[in-house]
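Biologist: Could you walk me through this model, please? I have the sequence and the coordinates open.

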Amino acid sequence: MDQRSDLELIREFKDGNDKAFNLLVLRYQEKIYWVVRRLLPDHDEADDVVQDIFVKVYRSLDSFKGDSSFYTWLYRIAVNLSLNEIRRKKTRRTFALDETVAQHESDEMLPLERMEREERTALIKEAIERLPEKQKKVFVLRYYEELPYEEISKILKTSVGGLKANYFHAVKKIAEYVKHGLR
Amino acid sequence: MSNMDCDKIQGLLVGLREGTISQEEREIVERHTAACPQCTADLTLIDEALEALRNVADDTVPNHYFTNLLPRVRARIEQDSRKRIPIAFPAWLQRFLAPASAGAVLASMIGMYFLFSPMADTQFALREIVSDLPKDEIEGVAESVTSAGVLARATEPSQRLEETLANPTAVTRRIERELVDDQLNHGHSLSIFLAAENPFEDIIENDDVDSIIKKLNDTSL
């Protein structure tokens with residue numbers, strides 16, 4: 001694992017070491033992929049957006065001033081491009097249950113138990129997908145990325161108080177949706 | 001129990017379950033929920049949501065996805081670069097590029113307006129016609145009020161127009177004729193071309209191009 005900090009790598013990139021960018025991609029690709037994937041449940045769509053994000057980072061890195069951390073800046077780009085894609089598509093797709101079934105079959109589970117789990121999984125994902133944009137962003141960054149509110153506040157440029165309220169409403173809506181769906 | 005209290009508590013409910021709030025906040029939430037059915041119900045919902053989320057099967061990623069991502073990003077950057085103009089501006093210059101580009105666009109829009117506005121077209125055509133005339137002819141016509149008027153119109157369209165139009169000579173008629181042809185070729189409305197006192201009013205204020213050409217051909221210059 002390379003010990004150089006993000007800022008050092010960025011400085012090297014700005015000085016003409018193109019390979020420093022590769023290290024940044026390798027460092028953050030998984031985190032960024034999962035943020036995007038939580039917002040765009042389809043892998044192919046997420047993959048496309050992830051590539052766009054890193055291309056944009058490559059193009060904009062020269063103008064990165066370091067006012068915020070690279071990580072915050074990168075997350076902001078990731079969230080914004082993902083939401084652009086959601087708006088562009090404007091389709092609320094139903095989660096592909098078949099795919100999930102195929103991917104998560106476990107020999108150890110009884111068929112009924114497995115079916116129930118898959119049903120719950122599909123419902124939860126649907127619930128997240130249906131959240132209002134703002135709540136969805138906050139939920140993904142907080143629940144899945146486990147980012148502190150202060151960090152999310154820098155990424156989304158929103159007050160911590162507002163984020164807490166958004167997160168609360170997001171979690172509540174998910175619970176209500178799942179409860180209603182399982183009834 | 002006021003709604004304001006509930007609003008404050010709601011922001012802490014998830015934190016209570018996540019274990020991310022302080023001991024003091026925890027005591028406030030617990031005291032509040034013990035006396036508030038609404039917040040208690042919300043806390044139950046949160047428990048249910050977190051429980052459901054814990055049981056969600058993880059998404060999967062195709063094998064070797066992360067191994068192949070960087071080469072694919074690189075390929076896209078390369079592909080993207082080919083589409084761009086291969087000029088590498090230094091950073092200090094890039095700062096000026098956006099305002100400079102905006103200025104250039106604005107200037108060209110203003111230029112286009114004047115270039116393609118009917119009056120500008122008239123001025124331009126007049127300049128072209130006059131500049132194409134043989135030197136002696138320009139000098140000759142320049143002595144007359146008419147040609148002076150035409151020349152004046154080429155630069156100052158509103159000035160001396162009346163004077164010009166009131167004294168048409170063969171030269172101005174020819175110039176006007178060429179100008180009309182030019183206008184016709186450019187598809188502009190002829191009626192804008194000259195003002196009401198125009199001696200060719202009966203011809204050029206007619207929007208029917210065919211009849212204008214016919215009348216012009218019938219006019220002895």
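**Two chains in conversation**

Modeller: Gladly! In chain A, 34% of the 183 residues count as buried, a residue being buried if 20 or more other C-beta atoms lie within 10 Å of its own, exposed if 12 or fewer, and partly exposed in between, with C-beta atoms placed from the backbone. This is a predicted model, in which local features need pLDDT of at least 70 and side-chain atom pairs count only at pLDDT 80 or more, while totals for chains, interfaces and linings use all residues. Residues are numbered from 1 along each chain as its sequence is written, and chains are lettered from A and ligands numbered from 1 in the order in which they are written.

Biologist: How many helices and strands are there in chain A?

Modeller: Helices (H or I, at least four residues) and strands (E, at least two) are DSSP runs, numbered from the N terminus. Along the sequence, chain A reads α-α-α-α-α-α-α-α-α. The count is nine helices and zero strands.

Biologist: Which helix of chain A has the lowest mean pLDDT?

Modeller: The pLDDT is the predictor's confidence in each residue, from 0 to 100. Chain A has a mean of 84, with 87% of its residues at 70 or more. Over residues 91-105 of chain A, however, the pLDDT is below 50. The highest mean among the elements of chain A, 94, belongs to helix α3 (residues 43-60), and the lowest, 42, to helix α5 (residues 97-104).

Biologist: Which element gives the largest share of the side of chain B that touches chain A?

Modeller: Two residues are in contact if their C-beta atoms, placed from the backbone, lie within 7 Å. The contact takes 32 residues from chain A and 27 residues from chain B. On the chain B side, α1 (3-18), α3 (37-54) and α4 (65-83) each supply at least two residues. The largest share, eight residues, comes from α4(B).

Biologist: Which residue of chain A does B:L13 touch?

Modeller: Leave out residues up to four places away in sequence. Within chain B, B:L13 then touches B:V29, B:C39, B:D42, B:L43 and B:I46. Of these, B:C39, B:D42, B:L43 and B:I46 are among the buried residues of α3(B). From chain A, the partner of B:L13 is A:F168.

Biologist: What is the phi of A:E146, and is A:E146 buried or exposed?

Modeller: Most residues other than glycine have a negative phi. A:E146 sits in the loop between α7 (133-144) and α8 (149-156) of chain A, and its phi is positive, about 55°. Because A:E146 has 10 C-beta neighbours inside 10 Å, A:E146 counts as exposed.

Biologist: Where is A:K157, which also has a positive phi of about 55°?

Modeller: A:K157 is not a glycine either. With 9 other C-beta atoms within 10 Å, A:K157 is exposed. Its place is the loop between α8 and α9 (160-182) of chain A.

Biologist: How far apart in space are A:E119 and A:G181?

Modeller: A:E119 lies in helix α6 (residues 111-130) of chain A. A:E119 and A:G181 are 62 residues apart in sequence. Their C-alpha to C-alpha distance is 9.4 Å.
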